[in-house]
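Try each task before you read its solution.

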Amino acid sequence: MESGEDNFSSHCVPGRPASADRQVARPLVWLTLALILGVAAPSWGLAIPGVWLAAGLLSLGLLLVWSWWTRRGAAWLALAFFFLLGAAFYQQALHPVFPPHHLTFLPQDREVVLRARLNRPSRIRGERVQLFLEAEAWRSPTGWRPACGRLLVNSPPLAAPPVGTAVVLQVRLRAPRVLQNPGGFDRGRYLAADGIFRMATLRQPEDLIILANAGALPLGERLRGRIRRLLGELPPAPRAMYLAMLLGDQGEISPEMRQAFSRTGTSHLLVINGMHLGAVAAVAYFLCFWGLRRFPRLLLRLNAVQVSTLVAAAPVVAYAWVAGGSPSTHRAEIMVLAYLLLLFLGRPREVWSALALAALAILCLSPLRLYSASFQLSFVTVAALLYFLPRWFRGAREKLSTSGRLASWTNLLWLRGKEAGATSLVATLATAPLVAAHFQVVSLLGAAVNLAAIPLVLLLALPLGEAAVLAQSLHLTPVAQGLLALGRIPLELGYGVITWAAGLPGSALTVSIPTWLQIAAYFLLLFLLFARRRDWRTWAGAGAAALILAGTVALPPVLAHHDLEITCLDTNGSLAGVAVTPQGQRLAFSAPRASWPGQRGGSLSPLPGYLHWRQWRRLDQVLALTLAQGNGLELLTLARQFQVGQFWYGRRGPEGPAYYELMNLLGDQNRSPRSLERGHPPKALGSVGLEFLRLGEAGDIALRLSHQGRLVLIIPPVRHLDAAALAPAPGVRVAGLIIPGTLAPTLGASLEQLRPEIVVIYGSPPMAASASGLPGGVRGYLTGEGAVSLRLSGQGVGVRQWRP
């Protein structure tokens with residue numbers, strides 16, 4: 001029976017029938033859901049002006065006060081208020097009001113000199129290091145002036161300084177660029193969740209100067225330094241895992257390790273989550289409770305549960321502080337403290353309220369955390385366990401009490417085994433659509449691998465590592481070394497199980513990005529299949545959800561348009577897109593922006609994400625008009641995640657690690673890329689003609705597609721264009737011209753010769769003014785405003801531009 005504190009209640013008033021009183025169980029859960037919907041609504045297209053939001057919140061607030069004063073039901077008012085509050089939180093977090101000396105007001109058209117401090121552990125990302133800084137001052141023409149704000153700096157490989165180190169650096173500030181493509185990663189929103197609104201890149205490590213006399217490091221960083229030196233004696237793999245689990249530092253997790261954990265569904269082992277801090281709280285609680293029970297007279301004056309709860313909260317906060325305060329650590333800390341609060345209040349069974357309280361606290365502090373994969377996976381997993389496990393094991397413990405002692409022990413072990421298996425299965429099933437949406441990989445062996453890895457890593461290796469951290473903080477280094485030596489054994493066994501399972505054929509499945517409708521139908525199907533009371537309505541709902549899932553997968557290929565579709569994506573200067581023939585055959589094309597030998601590059605382009613968003617698994621041809629390090633990572637991802645018929649390349653550019661890895665992978669598969677000049681490329685793909693045109697002496701290759709008497713020219717990133725070499729035969733119209741932004745300023749003469757109907761300009765946003773300078777009769781589109789799709793049919797050419 002729920003108490004009055006747990007309900008929206010319209011209290012009885014004289015003359016009012018009791019049936020009018022309405023109660024809503026666990027109001028905190030519903031309020032949190034309303035806040036979540038409010039934060040998520042802007043991403044679904046809901047745009048409410050700030051003035052209207054303020055007016056709505058004020059009006060609903062006054063109505064809530066009035067309803068409380070008159071003791072009338074106000075559940076819907078509270079839900080509406082929290083919904084609007086969530087929308088307001090989203091807008092404020094994404095577009096906050098900055099103080100006058102914030103980094104966002106510093107010039108971006110030239111380099112500036114900053115003095116800053118590292119406020120978070122650095123991350124090692126392949127060939128670059130990410131430094132997280134808090135600005136303190138900048139050097140203006142008149143001298144040093146105060147500055148504030150967080151800054152993300154990408155640097156060449158260097159020895160990352162510890163947190164708290166003061167540095168001076170010379171960089172050029174820029175706002176995070178969000179590529180306007182469907183299925184793309186919203187980097188700006190991701191960084192805004194951490195309060196980062198400016199980025200910079202170090203051209204060379206010498207542009208960063210560490211100040212040696214800027215004061216002593218913080219106590220927490222000195223302790224973390226001692227722990228790192230202690231872990232430095234371990235081999236690379238155990239050291240990297242212990243750094244991730246104990247300090248939240250994933251800098252030494254190699255791409256191979258990350259891929260193995262992803263394929264086996266065990267990536268949660270590499271972050272500080274609720275299981276880590278929950279174990280710390282449980283040990284502290286039971287030790288304190290056991291100690292208090294040794295003094296009966298003391299129990300007459302103290303509440304042992306409340307005292308033990310307060311004592312358990314202290315090591316949780318301390319451990320999170322030592323771990324460095326990463327977002328995942330903060331989230332786990334709040335979740336554990338929320339449950340300890342309810343335990344302190346004498347309501348340990350209100351786990352749903354504890355979960356809602358934790359989510360509410362996190363979203364109030366940082367609303368954009370809702371969009372992070374870690375937040376979604378953590379709360380969905382816990383909610384699924386709270387919903388499914390009690391239904392599956394209802395009455396199982398009562399049966400144990402009626403059996404004999406030996407049978408009771410046997411049944412208890414069997415029950416514990418079933419609960420562990422069910423927990424792993426529920427966590428895998430509940431997170432599958434979210435994992436697919438964020439990572440496009442679903443582990444098929446996750447439930448089985450977690451059954452072996454969690455006991456070894458979290459129940460054996462992690463407690464020994466935490467004990468080693470405690471011993472090291474007390475300057476008991478020999479004891480800490482002995483504990484780490486013991487913890488290394490189960491840690492290496494667990495990692496061995498993970499790597500072995502990851503190497504099995506079919507251990508993971510590469511999937512497309514599901515739509516929000518498919519995700520909702522999936523969760524609705526699970527919910528209705530295991531509803532508390534099943535009747536014809538729940539079965540009908542489950543059937544409808546299953547039909548929606550099947551229909552959204554089967555219908556799109558059937559309803560596809562039978563035209564030539566060419567999509568050019570928004571990029572940072574490179575060429576990326578895909579052409580789909582009327583017969584459904586797909587040709588992906590790519591070319592990197594201009595680079596030089598030795599340039600560090602190879603960032604992932606939006607092409608794989610777009611293909612996953614379209615839910616395509618097969619590519620008939622992949623065409624690299626230029627094959628180089630700049631698009632090597634993109635092509636490598638296509639080779640790993642999609643079924644590709646053949647790779648083709650035109651000119652070769654500067655090489656690098658991603659380039660060599662691509663060539664080795666395709667060579668091992670007997671699918672080495674073939675040259676467009678010497679490999680006899682196809683002249684048609686279905687009913688679409690293919691021509692490859694050489695551009696000048698540099699050897700650049702352009703692609704010309706022809707369909708029903710119309711042409712589309714696709715030009716790779718070049719600085720000069722000879723339009724005469726691209727002129728079509730008499731009577732053939734150029735329906736579309738796709739060119740880089742570098743050609744836009746000198747486009748006039750080329751347009752006079754080619755006379756295209758539509759010009760698509762890809763590249764950086766500064767070229768946006770070029771579209772307005774096109775001659776009359778030519779329509780111009782900029783991918784910087786959204787990915788552009790051309791559709792050629794017998795009736796003409798159509799254009800569709802994606803808008804976020």
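**Exercise 1.** At what angle do helix α16 and helix α17 pack, and how far apart are their axes?

*Solution.* Start with the ends: α16 covers residues 446-473 and α17 covers residues 477-502. They pack at about 160 degrees, with axes 8 Å apart. Angles over 145 degrees count as roughly antiparallel, so α16 and α17 are roughly antiparallel to each other. Next, sort the contact by class: 22 nonpolar, 5 polar and no charged residues.

Before you go on: this is a predicted model, where local features need pLDDT of at least 70, side-chain atom pairs count only at pLDDT 80 or more, and totals for chains, interfaces and linings use all residues. Residues are numbered from 1 along each chain as its sequence is written, and side-chain values use heavy atoms, leaving out hydrogens and water.

**Exercise 2.** In what order do the 8 strands of the open sheet come?

*Solution.* Read across: β17-β16-β15-β14-β13-β12-β25-β26, with mixed pairing. Two strands pair if DSSP finds at least two bridges between them. At the edges sit β17 (674-675) and β26 (796-801), each pairing on one side only. Now zoom in on β26: β25 (residues 788-793) pairs with β26 in the antiparallel sense over 6 bridges.

**Exercise 3.** Which element has the lowest mean pLDDT, and which the highest?

*Solution.* First, pLDDT is the predictor's confidence in each residue, from 0 to 100. Strand β1 (residues 7-9) is lowest at 45, and strand β13 (residues 575-580) is highest at 94. Then check the whole protein: the average is 83, and 90% of the residues score at least 70.

Conventions. Axes fitted to C-alpha atoms, helices over the stretch in contact; angles between N-to-C directions. Helix = DSSP H or I, 4+ residues; strand = E, 2+ residues; numbered from the N terminus. Parallel < 35°, antiparallel > 145°, perpendicular 65-115°, else oblique. Nonpolar A, V, L, I, M, F, W, Y, C, P; charged D, E, K, R; others polar.
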